[in-house]
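Colleague: I would like to learn how to read a model like this one. Could we go through it in short steps?

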2 protein chains.
Amino acid sequence: MLTGIQVVFLGGDARQLEVIQKLYELDANIQLIGFDNLQRSYSGVRKADLTEEVLSEADAVILPVVGTDDTGKVEAIFSSQELRLEERHVAALPKHAKVYTGMAKPFLTNLCGKHGIPVVELLDRDDVAIYNSIPTAEGAVMIAIQNTDITIHGSTCTVIGIGRTGLTLARTLKGLGANVKVGVRRNEHFARAVEMGVTPFHTDHLAKELRDVDIVFNTVPAQVLTAGVIAQLPPGSIIIDLASKPGGTDFRFAERRGIKAMLAPGLPGMVAPKTAGRIIANAVSELILTEAKKRGMNR
Amino acid sequence: MLTGIQVVFLGGDARQLEVIQKLYELDANIQLIGFDNLQRSYSGVRKADLTEEVLSEADAVILPVVGTDDTGKVEAIFSSQELRLEERHVAALPKHAKVYTGMAKPFLTNLCGKHGIPVVELLDRDDVAIYNSIPTAEGAVMIAIQNTDITIHGSTCTVIGIGRTGLTLARTLKGLGANVKVGVRRNEHFARAVEMGVTPFHTDHLAKELRDVDIVFNTVPAQVLTAGVIAQLPPGSIIIDLASKPGGTDFRFAERRGIKAMLAPGLPGMVAPKTAGRIIANAVSELILTEAKKRGMNR
């Protein structure tokens, strides 16, 4: 339980409600900043303004999945007011406090670093990335069904990269009855693909291997779908790029060639906000619990 | 090959293009009625008006998947003119001619019956229904992803009926990682569900079995999701009804209870017109080929 632990939520979207619910169930003391328009109420959970006083008592500060922008602005869809994290806020935090977010921009990392406050990036964790790969794969499947006139079943789908997201996606597409090929670099990834019953090839041969593809899914955050590769794609094939912005596709050339190419980052929050929220909730509650135990605060 | 066989297409949508292409490749003599706005052209394929002359030479007439309406109107998305099949048209057909469609309304069956012209309903065929269940299942998956805030993976999905569509859907959902339950009546369906690794229950216990469901998929064309059953559904669950109109759901009561319920018939043509067209094309070409062989017309 988190009895006596002070948790401050600073902005966020529907996903954050799952995190609030979870920490509420664990009996944390919760203050919500940037939730003025939230209808739901929890007994004992207070709404607060962004002030140094509130932050000076925080053991943990939970930011949205996207953290802050480059100037400290924090997204808060349940508030009509602008939230901006400033140095005075971070300076007010107790020395043992931690800041939790999905991904941190340099603005946040630098500001917290200056005051010795650790920033925990949840999406960096392997477990969170693997759990998140499930809604990502389902979102990719939805986009594929919406944007093709064929079924995924019986189609040739190529997944580039078989990391945390690529592996889930390859398994999902195979489950739907697609003919799945995966582009890999490492021998152990080649072996994993063989074990899964999908067809691996080395990404050195990407252009050649994509000549008969229907749907290309990229998960590699580097320009792998270059103009030279896209030139080999059959007419009517499509590219769904799941890598973080700016993706791994030469979108300019794809458009010129008439190949539909879509950059689709951040699918979990879009297609399954509740599941995505629970993933964050489980990870963050476990971390705060571990932290509380270390400090002897766990009751 | 279908050399010398006269095939008349009468209306249709994008799916029909696949059928035209297939019969064109088989060298049939093709006349297209209701395709005036079609850009694509095939050498030797003629566009024609709906006249007795054209029909008097037809060995096979191919109508759209939905056939005619109750008054003989034929859908033709590649034409701005209204097409209406009248008795004089059917009367003009040679006695050996056959009419092919997906489903026939009584209007069409009666009219052709009166003149001794067989109507072949392709969607009645088991093979066509099984092939069509693939795009239906993918469409159902798309709707489920779009209309829930959770992933299918890890959710509890109940499929009512394990016929041609239900079986495909159960397999597809299992492939996505759902916890799949199927409501069945017959012992052999119970056994098939066990073999597939999904959890069967008897539909007599539907209300009880749906208490923990996230997504209900109905494939049974009878009112199975009654008010009494819907009353047991947990809040936030949704119903996707794949049975032919009017479906198997008490939609009025579902709305009153705040349960989202969607009737989604005709998914193959919506989510995968090319695949759906190929399914029709394969079935119809095989049938015409068999017919031509019988009549000694196959070269």
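Modeller: Some ground rules come before the questions. This is a predicted model, in which local features need pLDDT of at least 70, side-chain atom pairs count only at pLDDT 80 or more, and totals for chains, interfaces and linings use all residues. Residues are numbered from 1 along each chain as its sequence is written, chains are lettered from A and ligands numbered from 1 in the order in which they are written, and side-chain values use heavy atoms, without hydrogens and water.

Colleague: In what order do the strands of the open sheet of 6 strands in chain A stand?

Modeller: Strands here are DSSP runs of E with at least two residues, helices are runs of H or I with at least four, and both are numbered from the N terminus. Two strands pair if DSSP finds at least two bridges between them. The pairing in this sheet is parallel, and the order is β3-β2-β1-β4-β7-β8 (chain A).

Colleague: Which strands of chain A are the edge strands?

Modeller: Look for strands that pair on one side only. The twist from one strand to the next averages 25 degrees, where angles run from 0 to 180 degrees between N-to-C directions and axes are lines fitted to C-alpha atoms, for helices over the stretch in contact. The edge strands are β3 (46–48) and β8 (119–121) of chain A.

Colleague: What is the bridge partner of A:Val7 in β2(A)?

Modeller: Strands of a sheet pair through backbone hydrogen bonds, either parallel or antiparallel. Strand β1 (residues 6–10) and strand β2 (residues 29–33) of chain A pair in the parallel sense over 5 bridges. In β2(A), the partner of A:Val7 is A:Ile30.

Colleague: Which strands of chain A does helix α12 touch?

Modeller: Contact means heavy atoms within 4.5 Å. Helix α12 (residues 273–294) of chain A packs on the sheet, and its direction makes about 165 degrees with that of β7(A). The strands touched by α12 are β1, β4, β7 (98–101) and β8 of chain A.

Colleague: Which residues cover the two faces of β7(A)?

Modeller: In a regular strand the side chains alternate between the two faces of the sheet. Buried means under 20% relative accessible area, exposed over 50%, and partly exposed in between (1.4 Å probe, protein chains only). In β7(A) the buried residues are A:Lys98 and A:Tyr100 on one side, and A:Val99 and A:Thr101 on the other.

Colleague: Which residue stands opposite A:Tyr100 in β8(A)?

Modeller: On one side, 3 bridges join β4(A) to β7(A), and A:Ile62 has A:Tyr100 as its bridge partner. Another 3 bridges join β7(A) to β8(A), which run parallel. There, the residue opposite A:Tyr100 is A:Val120.

Colleague: Which helix lies between β9(A) and β10(A) in the crossover?

Modeller: Strand β9 (residues 156–160) of chain A runs parallel to β10(A), with 5 bridges between them. A crossover is right-handed if, with the strands pointing away from the viewer, the path from the first strand over the helix to the second runs clockwise. This β-α-β crossover is right-handed, and its helix is α6 (residues 164–175) of chain A.

Colleague: Why is strand β10 of chain A largely enclosed?

Modeller: Strand β10 (residues 179–184) of chain A also has 4 bridges to strand β11 (residues 199–202) of chain A. A:Gly183 pairs there with A:Phe201. The strand is largely enclosed by the rest of the structure because the buried residues number 5 of the 6.

Colleague: Which side chain makes a polar contact with the side chain of B:Asp59?

Modeller: B:Asp59 is in the loop between α2 (52–56) and β4 of chain B. At 12% relative accessibility, B:Asp59 counts as buried. A polar contact is a pair of N or O atoms within 3.5 Å; within protein, one must be able to donate a hydrogen and the other to accept it, and residues adjacent in sequence count only if both atoms are side-chain atoms. At 2.6 Å, the partner is B:His96.
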